[in-house]
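Reader: I would like to go through this model slowly, one place at a time, and to learn the terms as they come up. Please show it first, and then I will begin with a single residue.

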Amino acid sequence: MSQTVLITGASGGLGLEFARIFAANGYDLILTARSEDRLREIAAALSDRHSIHVDVIRADLSTENGADDLYAQVRALGRQVDQFVNNAGAGKAASTITIDPDELKGLLHLDVTSYAMLCRYIGADMAAAGHGRILNISSTTAFFPDPYFNIYGPSKAFVMSLTEAMAGELKGTGVSVTALCPGPVRTNWAVRAGKAYPAVAADPAKVARTGYKAMQAGRLYVIPGIGTAVGTFFLTLLPRKLRVAVGEKWQRSMIHKADTKGNKESSRQ
């Protein structure tokens, strides 16, 4: 009997790559995102190619009750979720004191509350069933400061800590919890956030494959890429004050680069 994986934020980026990987490995899928039309295109393509069952749920996890609504729709399908990729997330290039308050609330719902509530609901079902795997998408920003990006870095530190806590709580239940902590990844995510890609941005397909393998192995966390893993390790050795200074300079340069590129593209139109 086929297992079922629930993937949030599955309409593009890492979520789409995970959908492709799980489909190729014979899993049935439950795909969620705000873009229902795009999800149905993806579902049709993956279902035809791999002869799997794919359900689509439109969900907006940036709303106060988004996670509750999604979970209710998953339960209504009557399907056991055997694996869960907790992927949906967003960021915004703005300081914590200048970002629009309503936008900040939406990011908090998406990047913090929904992550925790879905782990609560899906994790409990898995523990009751005696098996399951959860993959939480964190970031290397979980390990050092992320100035000018308001809640994103702190939210990924929360996701990493949540993963560690749940891994301890679920020991012996048959459920594993893994955090995937990539550095910059070449997706449209950064463009929407108003942040430039560094030259070392990773291929999303490779990042997803690394996360999939770590998830199946039941690892606690994984940082894709040897260079990224080593660089992150050495940054964590710096005094906290110095880490703040390095993070501030780096993020300011990436935002400036994005602004400069945007201005150049606008001038060509």
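Reader: Is Thr-163 buried or exposed?
Author: This is a predicted model, in which local features need pLDDT of at least 70 and side-chain atom pairs count only at pLDDT 80 or more, while totals for chains, interfaces and linings use all residues. Residues are numbered from 1 along each chain as its sequence is written, and side-chain values use heavy atoms, with hydrogens and water left out. Burial is judged by relative accessible area (under 20% is buried, over 50% exposed, in between partly exposed; 1.4 Å probe, protein chains only). Because the relative accessible area of Thr-163 is 0%, this residue is buried.

Reader: In which helix does Thr-163 lie, and with which residues is it in contact, leaving aside neighbours within four places in sequence?
Author: Helices (DSSP runs of H or I, at least four residues) and strands (runs of E, at least two) are numbered from the N terminus, and Thr-163 lies in the helix that spans residues 152-169, namely α5. Contact means heavy atoms within 4.5 Å. Beyond those near neighbours in sequence, the residues in contact with Thr-163 are Asn-136, Val-177, Thr-178, Ala-179 and Leu-220.

Reader: How many helices and strands does the chain have, and what percentage of its residues is buried?
Author: The chain is made up of nine helices and seven strands, if we count by element. Counting by residue instead, there are 269 residues in the chain, and the buried share is 46%.

Reader: Why do α1 and α2 count as roughly parallel, and what is the angle between them?
Author: Axes are lines fitted to C-alpha atoms, for helices over the stretch in contact, and angles run from 0 to 180 degrees between N-to-C directions. Angles under 35 degrees count as roughly parallel, over 145 as roughly antiparallel, 65 to 115 as roughly perpendicular and the rest as oblique. The axes of α1 and α2 are 10 Å apart, and the helices are therefore roughly parallel, since they pack at an angle of about 20 degrees.

Reader: Which residues of α2 meet α1?
Author: From the side of α1, the residues taking part are Leu-16, Ala-19, Arg-20, Ala-23 and Ala-24. In α2 they meet Arg-38, Ile-42, Leu-46 and His-50.

Reader: How far apart are the axes of α3 and α4?
Author: Helix α3 covers residues 66-77 and helix α4 covers residues 101-129, and they pack at an angle of about 30 degrees, which means that α3 is roughly parallel to α4. In this contact, Ala-67, Asp-68, Leu-70, Tyr-71 and Arg-75 of α3 meet residues of α4 that include Ser-114, Met-117 and Tyr-121. The axes are separated by 9 Å.

Reader: Where does Arg-79 lie, and how far is it from Val-5 in space?
Author: Arg-79 is found in the loop between α3 and β4 (83-86), and its relative accessible area of 19% makes it buried. Not counting residues up to four places away in sequence, it touches Thr-4, Asp-28, Leu-29, Ile-30, His-53, Asp-55 and Val-74. Although Arg-79 and Val-5 are 74 residues apart in sequence, their C-alpha to C-alpha distance is 9.9 Å.

Reader: What is the phi of Ser-51, and is this residue buried or exposed?
Author: Most residues other than glycine have a negative phi. Ser-51, which lies in the loop between α2 and β3, is not a glycine, yet its phi is positive, at about 55 degrees. With a relative accessible area of 67%, Ser-51 is exposed.
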